[in-house]
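Subject: A structure for you to explore

Hi there,

Here is the structure I promised to pass on. Please open it beside this email, so that you can find each residue as you read.

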Amino acid sequence: MYKTNIKFLLAIFLSSFLSATNAGHHEGAHMEHDEVNHQQNSSSCADDSSCSMAHGVVLSLSKEVSKITLRHGEIPNIDMPPMTMVFTVEDSSLMQNLKEGDHVLFHVENIGGEYIIKDMIEDHH
């Protein structure tokens with residue numbers, strides 16, 4: 001009976017801890033994503049290609065391997081919710097003048113399960 005109570009209490013503790021951790025992360029994530037969505041929604045669509053572009057904030061760059069980490073808003077063309085993730089950049093020259101903290105508009109496609117940025121411009125909001 002003693003072991004059963006410890007297992008039960010441990011299960012409750014872990015469940016509560018994980019719920020609290022996820023809730024805190026979720027709330028913080030929404031604040032960041034709301035900011036990103038606001039920036040994205042404030043952009044105008046001049047043509048069809050700009051309408052498929054998403055807004056992101058550069059968190060890190062690895063120009064030598066054509067990788068970029070972006071905190072981004074929703075990406076409708078690939079049905080992706082707001083999040084932070086690493087993308088491959090098809091043409092590394094798109095990253096040439098970027099630095100951490102820059103805002104960008106980008107078009108990404110899912111090619112064989114890999115998310116590849118096909119076009120990207122600095123967003124001077």
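Predicted model: local features only at pLDDT ≥ 70, side-chain atom pairs only at ≥ 80, totals over all residues.

Leaving aside residues up to four places away in sequence, Ile-75 touches Ala-54, Met-80, Phe-87, Phe-106 and Val-108.

**The salt bridges**

How many salt bridges are there? The count comes to 3.

One of them joins Glu-114 and Lys-67, with 3.8 Å between the closest N and O atoms. Glu-114 belongs to strand β5 and Lys-67 to strand β2, so this pair ties together parts that are 47 residues apart in sequence. Both partners are partly exposed: Glu-114 has a relative accessible area of 34%, and Lys-67 has one of 31%.

Another salt bridge is formed by the side chains of Glu-90 and Lys-118, at 2.6 Å from N to O. Here Glu-90 sits in the loop between β3 and β4 while Lys-118 is in strand β5, so the pair links parts that are 28 residues apart in sequence. Glu-90 is partly exposed at 48% relative accessible area, and Lys-118 is partly exposed at 28%.

There is also a salt bridge between Asp-102 and Lys-99, whose closest N and O atoms are 2.9 Å apart. Are these two partners buried or exposed? Asp-102 counts as buried because its relative accessibility is 7%, under the 20% cut-off. Lys-99 counts as exposed because its relative accessibility is 51%, over the 50% cut-off.

**A pair of histidines**

Finally, have a look at His-55, which you will find in strand β1. His-55 is buried, with a relative accessible area of 0%. Which side chain does the side chain of His-55 meet in a polar contact? The partner is the side chain of His-103, at 2.9 Å.

Enjoy exploring, and write back with any questions!

Best wishes

How values were computed:
Residues numbered from 1 in each chain as written. Heavy atoms only, no water. Contact = heavy atoms within 4.5 Å. Salt bridge = Lys/Arg side-chain N within 4 Å of Asp/Glu carboxyl O. Helix = DSSP H or I, 4+ residues; strand = E, 2+ residues; numbered from the N terminus. Buried < 20%, exposed > 50% of the residue type's maximum accessible area, 1.4 Å probe, protein only. Polar contact = N/O pair within 3.5 Å; in protein donor to acceptor, adjacent residues only side chain to side chain.
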